[in-house]
Amino acid sequence: MRSNMPSGSYLAPSLLTCLCLISLFSPSSSSEIALPSGSSHKVSLGLYYESLCPYSANFVVNHLAKIFDSGLISHVELRLVPWGNAKTKGNATFDCQHGPSECLLNTVEACAIDIWPDLNEHFPLIYCIEKLVFSHDHTQWESCFEPLGLDSKLVSDCYAGGRGKELELGYAAETNALQPPHQYVPWVVVDGKPLYDDYENFMSYICEAYSGTAKPEACSELSVNRVQLREARKTHPVCYMKEKMSSPAFKAVRSAVESISGWTKMLLDV
């Protein structure tokens, strides 16, 4: 039995482009993530984010994915934490910065990580969803499952059965325990140290933190340009916690977005 989760009735045009990129992560592809066994020199990389923050989506799609293309993922222990600036309430429920749709997608991505802990399986799905967010088609998120050979019912059951809520509350506790506390998303942490607004240069920090005897090949090119990257450093956009979900301005924007989404879906279903 399907849950009452929003569904997409067709394959969004932007998804067709996305699928070409997703094929890079397919288990049958030669670009499958190589995770060395027993490596003691992997660098921890944590991404604390929320699904509908456009800057989180941009980071996942246009920056984080590069560690798979370059092979740097073989030297990284990647942890994705889809919670971000959401807030828990007294009755073990929560509000998300960008409304109920964000709570849904945060939970969907949390369920995917739980059901398919292998990066080869859950990262392509999260990439696909965030690609749709980036191209303003996030309501079509369910269309990501079939091309990847993943069973959407497992996620639907996770969401409807309460496991998803349990996972999200766990991510809330983890995010709230960060030291120093996170100030915005995306909040990128390399070996326990936040990168603050220099998060787009995360690969150079990974290379600096790597303690193995032979530097990863992907770091050679980065080291040549590291000085230029740091000198050209600029503040990268983020979703701040201080954006109050209860403020009249925020409610007005949310209402407008949800109204447009509702009308769009109605027109597409005709």
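Q: Numbering the bonded cysteines of the protein chain in sequence order, what is the pairing?
A: The pairing runs 1-10, 2-3, 4-7, 5-6, 8-9. A disulfide here is a pair of cysteine sulfur atoms within 2.5 Å, and a search of the whole structure finds 5 of them. This is a predicted model, in which local features need pLDDT of at least 70 and side-chain atom pairs count only at pLDDT 80 or more, while totals for chains, interfaces and linings use all residues. Residues are numbered from 1 along each chain as its sequence is written, and side-chain values use heavy atoms, with hydrogens and water left out.

Q: Which residue forms a disulfide with Cys53?
A: Cys53 is bonded to Cys239, with the sulfur atoms 2.2 Å apart. This pair links distant parts of the chain, 186 residues apart: Cys53 is in the loop between E1 and H2, and Cys239 is in strand E8 (residues 239-240). Helices (H or I, at least four residues) and strands (E, at least two) are DSSP runs, numbered from the N terminus. The link of Cys53 and Cys239 is right-handed, with 100° about the S-S bond.

Q: Is Cys53 buried or exposed?
A: Cys53 counts as buried because its relative accessibility is 0%. Cys239 is likewise buried, at 4%. Buried means under 20% relative accessible area, exposed over 50%, and partly exposed in between (1.4 Å probe, protein chains only).

Q: What about Cys111 and Cys158, left-handed or right-handed?
A: The link of Cys111 and Cys158 is left-handed, with -80° about the S-S bond.

Q: Changing topic: in the largest nonpolar core, which residues touch the most other members?
A: They are Leu45, Leu64, Ile67, Leu78, Leu80, Phe123 and Phe202, in a core of 68 residues. Helix H5 (residues 119-134) contributes the largest share, 9 residues. A nonpolar core is a set of buried Ala, Val, Leu, Ile, Met, Phe, Trp, Tyr and Cys residues joined through side-chain atoms within 4.5 Å.

Q: What does Leu64 touch?
A: Not counting residues up to four places away in sequence, Leu64 touches Leu45, Leu47, Phe59, Leu78, Leu80, Phe123 and Phe202. Contact means heavy atoms within 4.5 Å.

Q: Where does Ser51 lie?
A: Ser51 is in the loop between strand E1 (43-49) and helix H2 (54-64). Ser51 counts as buried because its relative accessibility is 0%. The Ser51 side chain reaches the backbone oxygen of Glu102 at 3.4 Å. Beyond its neighbours within four places in sequence, Ser51 is in contact with Glu102, Leu105, Asn106, Glu109, Glu130 and Val133.

Q: What is the mean pLDDT of the protein chain?
A: The mean is 80, and 70% of the residues reach 70 or more; pLDDT is the predictor's confidence in each residue, from 0 to 100. Over residues 244-270 the pLDDT is below 50, and the model gives this stretch 22 contacts beyond near neighbours in sequence. Residues 6-21 stay under 50, with 34 contacts beyond four places in sequence.

Q: How many helices and strands in the protein chain?
A: The secondary structure comes to 11 helices and 8 strands. Buried residues make up 45% of the 270 residues.

Notes. A polar contact is a pair of N or O atoms within 3.5 Å; within protein, one must be able to donate a hydrogen and the other to accept it, and residues adjacent in sequence count only if both atoms are side-chain atoms.
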